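Subject: Structure for your files

Hello,

Here is the structure you were expecting, with the sequence alongside. My notes follow below it.

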Amino acid sequence: MPLGSARSALEPPMTEPHSEAEPGGPETSPVARLDLFGLDRTGLARVAGELGEPAYRGAQLYAWLYRKRARRFEDMTNLAKALRQRLAARYRLRWPSLAERRVSSDGTVKYLLRLEDGATVESVYIPEERRRTICLSTQAGCPLKCAFCLTGVGGYKRNLTVGEILGQVAAVMDDAPPQRLPWNVVMMGMGEPLLNYEATAGALRILMDPEGFAVAPKKLTLSTVGILPALAKLMQEPVRPNLAISLHAPNAALRRELMPIEARYPLEAVIAAAQRYALPRGGRVTYEYVLLRGVNDSVAHARELARLLSGSRCKVNLIPLNPAPELPFAPPTPEAVDAFCAVLADSQLTVSVRRPRGRDILAACGQLQLKRAAAPPALAPATP
Ligand code: SAH
């Protein structure tokens, strides 16, 4: 699609989390009570001040919200009962509510979560042998309209707030079986995280904070098409997650057909910026490449990709298309995947092939939401 028509949506107005709230009114209705979930240390210290409490109460609230993930003020047992009651009268803690939950035969769980204004986003829980992964959304819908991605088909609604991004993590962690496996978090769900920079960066800081969700930076990955001004800002963050770049084509002409954003942020410039990004513990940038049968999956494409990335310290993740009736592409044959992979490996590139997970529950991003818009859900909504 022409980029011109997507332009205004590419830089949507920033939603200012909680700006509509009325600080201070003890008589506020439940709808107008300020939501504390999503506030950072500074915001919570301010709340403590508004209540006439010392600043360290803010730090206590922070730990209850993100490290212990309390759902109610009354559970915050190191705060005096009277303070808990005052908090409950003036503020609230909101996580997204569950609209639908599907469990795959491979253990993957897909959540459709409803936000306060009715918008829905998808999050996924992916259990593995030695770790478990949460896949998060950063926008409701997506304005980028990549040709192979269902989220784009569903259209763009809005940016998520810090609380809405973190609320997905809290909801999925809360629902997961109690295991002592480390958490991985990937921002690879709906939306483009770098088109929602402030909320994404705010959520990342709380996720990586040892006093917050305490997810190690090397276990967090942000996936992006490469919005260059925002990528430059992310590079300046004192603590940064891993970086995955959605490449999907070995040259500008083909990438532009698949990803309209190529017209604005060309792949050569995106790769150059990604190679300057300092990763946690000397890790490597991942280049994601969705394989589409007969479109970008030939041995010639693989050779071109190998040339493009030669000399770059990186990993390539090949992703066989997750097909859907709404998409005009087919997945590659297993032989094409093997041949593509072999060319990259022969060129000394580190390459992996993503195993499809949760196909039976529509775990590809955007699938569940589209299905729901088209037909009544096959499963009854469950509660967490
Ligand atoms: N906007 C960001 C993050 C969301 S997409 C980005 O583009 O990186 C996360 C990953 O899912 C991307 O690599 C994307 O290309 C991939 N993806 C999207 N649709 C897919 C599909 N139908 N099959 C397989 N992978 C898909």
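Leu318 lies in strand S13, residues 314–320 (strands are DSSP runs of E with at least two residues, helices are DSSP runs of H or I with at least four, and both are numbered from the N terminus). The model is a predicted one, in which local features need pLDDT of at least 70 and side-chain atom pairs count only at pLDDT 80 or more, while totals for chains, interfaces and linings use all residues. Residues are numbered from 1 along each chain as its sequence is written, and side-chain values use heavy atoms, with hydrogens and water left out.

Leu318 counts as buried, at 0% relative accessibility (buried means under 20% relative accessible area, exposed over 50%, and partly exposed in between, with a 1.4 Å probe and protein chains only). Leaving aside neighbours within four places in sequence, Leu318 is in contact with Tyr289, Leu291, Phe340, Cys341, Leu344, Val351, Ser352, Val353 and Arg354 (contact means heavy atoms within 4.5 Å). Between Leu318 and Phe340 there are 22 residues of sequence separation and 8.8 Å in space, C-alpha to C-alpha.

Phe340 itself belongs to helix H12, residues 334–346, and is buried with a relative accessible area of 0%. Apart from neighbours within four places in sequence, Phe340 is in contact with Tyr289, Leu291, Asn296, Asp297, Ser298, His301, Ala302, Leu305 and Leu318. Asn296 is 44 residues from Phe340 in sequence, and their C-alpha atoms are 9.9 Å apart.

Next, the ligand. There are 17 residues around the ligand, and Phe148, Ser223, Ser246, His248 and Asn322 come nearest (a residue is near a molecule or strand if one of its heavy atoms lies within 4 Å of it). By class, this shell has eight nonpolar, seven polar and two charged residues; Ala, Val, Leu, Ile, Met, Phe, Trp, Tyr, Cys and Pro count as nonpolar, Asp, Glu, Lys and Arg as charged, and the others, Gly among them, as polar. Strands S10 and S12 (285–291) each supply at least two residues of the shell.

- Glu192: a polar side-chain atom lies 3.0 Å from a nitrogen atom of the ligand.
- His248: an N or O atom in the side chain is 2.7 Å from an oxygen atom of the ligand.
- Asn322: a backbone N or O atom lies 2.9 Å from a nitrogen atom of the ligand.

Taken alone, the ligand exposes 540 Å², and the protein buries 92% of that (accessible areas come from the Shrake-Rupley method with a 1.4 Å probe, and for residues only the protein chains shown count as cover).

Glu192 is also one of the residues that Gln139 touches, not counting residues up to four places away in sequence; others among them are Tyr156, Asn159 and Met190. Gln139 lies in strand S7, residues 139–141, and is buried, with a relative accessible area of 0%. The side chain of Gln139 makes a polar contact of 2.8 Å with the side chain of Asn159 (a polar contact is a pair of N or O atoms within 3.5 Å; within protein, one must be able to donate a hydrogen and the other to accept it, and residues adjacent in sequence count only if both atoms are side-chain atoms).

Two helices have a buried side. In H8 (residues 228–236) the buried residues are Ala230, Leu231, Leu234 and Met235. Seen down the axis of H8, these fall within an arc of 150 degrees, so they line one face of the helix (the arc is that of the directions from the helix axis to the C-beta atoms). Their cover includes helix H7 (197–208), strand S10 (220–224), strand S11 (242–246) and helix H10 (267–276).

In H10 the buried residues are Leu267, Val270, Ile271, Ala273 and Ala274. They cover an arc of only 165 degrees around the axis, which puts them on the same side of H10. Glu268 and Arg276 are exposed, on the face turned away from that buried side. The buried residues of H10 pack against H8, S11, S12, helix H9 (252–258) and helix H11 (299–309).

For the whole chain, the count is 13 helices and 14 strands. Of its 384 residues, 55% count as buried.

Regards
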